[in-house]
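Visitor: I would like to learn how to read the features of a fold, one at a time. Please begin with the terms.

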Amino acid sequence: MPFSVYHLTMHGTLYLVATPIGNLQDISFRALEILKTVDLIACEDTRHTRKLLTHFQFSNKLISYHEHNEADRAEELARLLEDGKNIAVVSDAGTPAICDPSFRIVRKAHEIGARVVPIPGAVAFVNAAIVSGLATDSIFFGGFLPSKKGERRNRLEEVKQIPATLVFYESPHRLAKSLADCAEVLGDRNAAVARELTKLHEEIVPGKLKELAAKYAEKPAKGEIVLVIERQTISRETASSEHESLSSLVAELEKQGFDHKIALKKAAKEFGMSKSEAYRILLSEKK
Ligand code: SAM
């Protein structure tokens with residue numbers, strides 16, 4: 001470890017340890033080593049984490065840390081770090097601090113000057129995105145969509161124009177309704193439903209939003225779900241108006257002395273699109 005402020009303190013280290021999202025083989029050697037050797041494991045559900053440790057034939061001290069006690073627990077865990085205890089934080093599944101309150105203990109650890117270390121592993125939304133067949137050069141992760149229809153539609157309006165593949169966690173009983181709202185608000189985009197990743201009934205279902213909404217309305221989904229939605233596609237009309245401003249920006253940048261490649265890259269960034277997409281728009285208009 002390079003020389004740092006951590007050498008000056010006797011604080012313990014806070015490890016954010018990823019655990020499997022289904023298949024127990026997906027835990028890393030390093031994660032197991034850390035979970036065995038820390039002084040304490042803070043977890044969402046002690047029974048759940050106890051089972052994981054038992055599967056790998058070891059045990060350790062567990063303390064619950066979840067949305068109902070996180071404020072008090074974060075203080076308590078910070079005091080233990082100050083006393084030199086090493087602590088691992090795990091969630092029920094996947095990477096802690098993704099859609100759970102662990103960020104508070106991380107923030108506290110930074111405040112007291114303790115070292116914070118990620119132990120990487122499974123995370124559901126990344127794995128859903130990579131098997132969706134949709135572009136992954138830019139991904140917007142929106143956590144859970146709101147459960148109330150009005151709020152959900154407002155959220156979808158907010159993210160509609162984000163130039164990225166959109167990814168959401170969703171509960172099985174809301175899936176069909178959410179898909180229908182997505183189709184209405186975002187348009188009938190390509191999408192994929194990733195269900196029960198790494199588990200026995202793993203399923204990746206690509207399709208148009210409307211088609212998926214109908215499918216899951218007829219036969220509701222079960223299990224854990226990630227919804228992946230294609231970014232807004234640029235229609236021919238939009239493309240031609242984009243072209244005018246894109247090409248004029250490219251021309252402007254070239255005038256300023258940038259060569260064509262750099263000008264295109266800068267203009268694409270300005271428009272929130274990839275270089276290849278900007279290139280495609282310019283090319284299609286030339287034709
Ligand atoms: N910390 C987790 C992670 O790293 O992805 C996410 C926790 S979040 C509270 C739980 C949600 O993640 C589930 O409701 C589901 O949407 C998604 N999820 C977790 N495991 C999954 C799996 N095996 N397949 C599909 N989605 C999963």
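Guide: Two strands pair if DSSP finds at least two bridges between them. Helices (H or I, at least four residues) and strands (E, at least two) are DSSP runs, numbered from the N terminus. This is a predicted model, in which local features need pLDDT of at least 70 and side-chain atom pairs count only at pLDDT 80 or more, while totals for chains, interfaces and linings use all residues. Residues are numbered from 1 along each chain as its sequence is written, and side-chain values use heavy atoms, with hydrogens and water left out.

Visitor: Which residue in strand 9 stands opposite Asn190?

Guide: Strands of a sheet pair through backbone hydrogen bonds, either parallel or antiparallel. Here the residue opposite Asn190 is Lys208 in strand 9. Strand 8 and strand 9 are antiparallel and share 6 bridges. Strand 8 also pairs with strand 10 in the antiparallel sense, over 5 bridges; there Ala191 has Ile229 as its bridge partner.

Visitor: Which residues have the most contacts inside the largest nonpolar core?

Guide: A nonpolar core is a set of buried Ala, Val, Leu, Ile, Met, Phe, Trp, Tyr and Cys residues joined through side-chain atoms within 4.5 Å. The largest one has 23 residues, and those with the most contacts inside it are Leu156, Leu179, Cys182, Val193, Tyr216 and Ile229. At least two residues each come from helix 6 (149-159), strand 7 (165-170), helix 7 (175-186), strand 8 (190-195), helix 8 (209-218) and strand 10 (225-229). Helix 7 gives the most, with 7 residues. Beyond its neighbours within four places in sequence, Val193 is in contact with residues including Leu179, Ile204, Leu212, Tyr216 and Leu227. A second, separate core of 18 residues includes Ile27, Leu35, Ile41 and Leu62.

Visitor: What is the strand order in the sheet with parallel pairing?

Guide: That open sheet has 5 strands in the order 3-2-4-1-5. Strand 3 (62-64) and strand 5 (115-119) stand at the edges with a single partner strand each, so one side of each is left without a neighbour in the sheet. Neighbouring strands are turned by 25 degrees against each other on average, direction ignored. Strand 2 (residues 40-43) runs parallel to strand 4 (residues 87-89), with 3 bridges between them, and Ile41 stands opposite Ala88. Helix 1 (residues 29-37) lies across strand 1 (13-17), strand 2, strand 4 and strand 5, at about 135 degrees to strand 5. Helix 3 (residues 70-82) lies across strand 1, strand 2, strand 3 and strand 4, at about 150 degrees to strand 3.

Visitor: Where are Glu196 and Thr198 found?

Guide: Most residues other than glycine have a negative phi. Glu196, in the loop between strand 8 and strand 9, has a positive phi of about 55 degrees. Thr198 is in the loop between strand 8 and strand 9, with a positive phi of about 70 degrees. Glu196 is buried at 13% relative accessible area, whereas Thr198 is partly exposed at 26%.

Definitions and conventions
Axes are lines fitted to C-alpha atoms, for helices over the stretch in contact, and angles run from 0 to 180 degrees between N-to-C directions. Contact means heavy atoms within 4.5 Å. Buried means under 20% relative accessible area, exposed over 50%, partly exposed in between (1.4 Å probe, protein chains only).
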